[in-house]
Amino acid sequence: MESIAKLATEQTNAQSDTLDQMNALEIVMLMNREDRTVAESVEAALPRIAEAVDRIVERLRRGGRLLYIGAGTSGRLGVLDASECPPTFGIESDVVVGLVAGGMDAVVEAREGAEDDADAGAYDLRKQGLSADDIVVGLSASGRTPYVAGALTCAKDAGAGTIALSCNSDAEISKLADVAIEVPTGPEVLMGSTRLKAGTAQKMILNMLSTAVMVRLGKAYGNLMIDVKPTNVKLVDRACRMLMNATGVDHETAETALQAAGRRAKVALVMLKTESTVEEAERRLEAANGFARLAIEGGEPHGA
C-alpha cells in the first residue's frame, strides 16, 4: 500500500508557507484561490461521475439501495447527502444510506482511529443486509482508507456494484471498484486537512450523484423538485410556488390542489396539467413509472 507521505493530499502547499503570518483577509483570499482549482479537477472526472450515475440508477430501478461509506470527513459527507435525499426527493429513508466509520456518533464526535479497521467496513455493510442489487460508494480522500477498502471488497464479494471516490491519483480503492472517480485536489492550505479542498470536491460529486440519479428516476419536472416532502411552512410554500410556476395557476388554486393530493406535489401537478382527479392523476403516474412529464404528455422519459 502506498505510503501516506507520498500522497498529494498530504504534501505541504507552497502557497500557504506563511499561513500563520497572514491576516484574516489574506487567509481567506488564499483559500478562495485554492478552492477555484477544485471545480477544474471535478470537471476532468465528469465522464466517470456520469457512468457512476447510470450504474446507480440501474441498481435502484431494480429495487437496490445506494450505500455511501467512508471515514472522517468523507463518511460525514456521505451521511449528509443520504439524509437530505428523503425530504428533497420523497424517497424512503432506506433507499440512500450513509455509513461512517465508528458509527453515527462519529458524525459529531471524531473517532479517527476507526478508519484503520478494514473488517469494520465489511461488518457495517453486512449489518445493513447488503445484497447483490445494492451499489456501494466508498469515500476516501486519501484513496487508501482500510475501512473503505474493506467495505468495497465485501461489496464486490456480495455481487453489489462498487464505486470509489478519492482525491488522489492511482488510489488503492480504485482497484476495488467498478467505477473509479479520482479527483486530485493537491496539497491543502492547511497541510493534510482534507476537510478543505478534498472535502469540497467530494461534496460537489455527491451533489451530482444523488441529484442526477434522482432526476433520472423521475424525481423532477423541468428543474422543479416535484417530489419534495412539504413538511413545514417553507416547504408547503415552495410546493405551491412550483405548481404555480409549472401550471400558471394562482396560489389559492395551487394550495387547494396540493391539499387535495395529500400534499403530494407531483400528484397535484398532474391533476392541474391534465384537469384530472386525484385518482386519475395517481393512475397516470403509476403507468408512467413516476415520471410526471410522461404522465402529462405521454411518450418516453428523457434518458430512460
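## The β-α-β unit

In this predicted model, strand 1, helix 3 and strand 2 form a β-α-β unit, and the unit is right-handed. The two strands pair in the parallel sense, over 5 bridges. Within this pairing, Gly70 sits opposite Val100 of strand 2.

## Strand 2

Strand 2 spans residues 96–100 and is mostly covered, with 5 of its 5 residues buried. In a regular strand, side chains alternate between the two faces of the sheet. Val96, Gly98 and Val100 point one way from strand 2. Val97 and Leu99 point the other way. Residues of both sets are buried.

## Tyr68 and its contacts

Tyr68 touches residues from several stretches of the sequence beyond its neighbours within four places. Its contacts include Val96, Val97, Gly98 and Leu99. Gly78, Asp81 and Ala82 are also in contact with Tyr68.

## The nonpolar cores

The largest nonpolar core holds 35 residues. Ile56, Tyr68, Ile181 and Leu209 touch the most other members. Several elements each supply at least two residues of this core, among them strand 1 (66–70) and helix 3 (72–89). Helix 1 (24–44) and helix 2 (46–61) do too, as do strand 3 (135–140), strand 4 (161–166) and strand 5 (179–182). Helix 6 (197–216) is another supplier, and its 7 residues are the largest share.

Note on methods
Residues are numbered from 1 along each chain as its sequence is written. This is a predicted model: local features need pLDDT of at least 70, side-chain atom pairs count only at pLDDT 80 or more; totals for chains, interfaces and linings use all residues. Side-chain values use heavy atoms; hydrogens and water are left out. A nonpolar core is a set of buried Ala, Val, Leu, Ile, Met, Phe, Trp, Tyr and Cys residues joined through side-chain atoms within 4.5 Å. Buried means under 20% relative accessible area, exposed over 50%, partly exposed in between (1.4 Å probe, protein chains only). Helices (H or I, at least four residues) and strands (E, at least two) are DSSP runs, numbered from the N terminus. Contact means heavy atoms within 4.5 Å. Two strands pair if DSSP finds at least two bridges between them. A crossover is right-handed if, with the strands pointing away from the viewer, the path from the first strand over the helix to the second runs clockwise.
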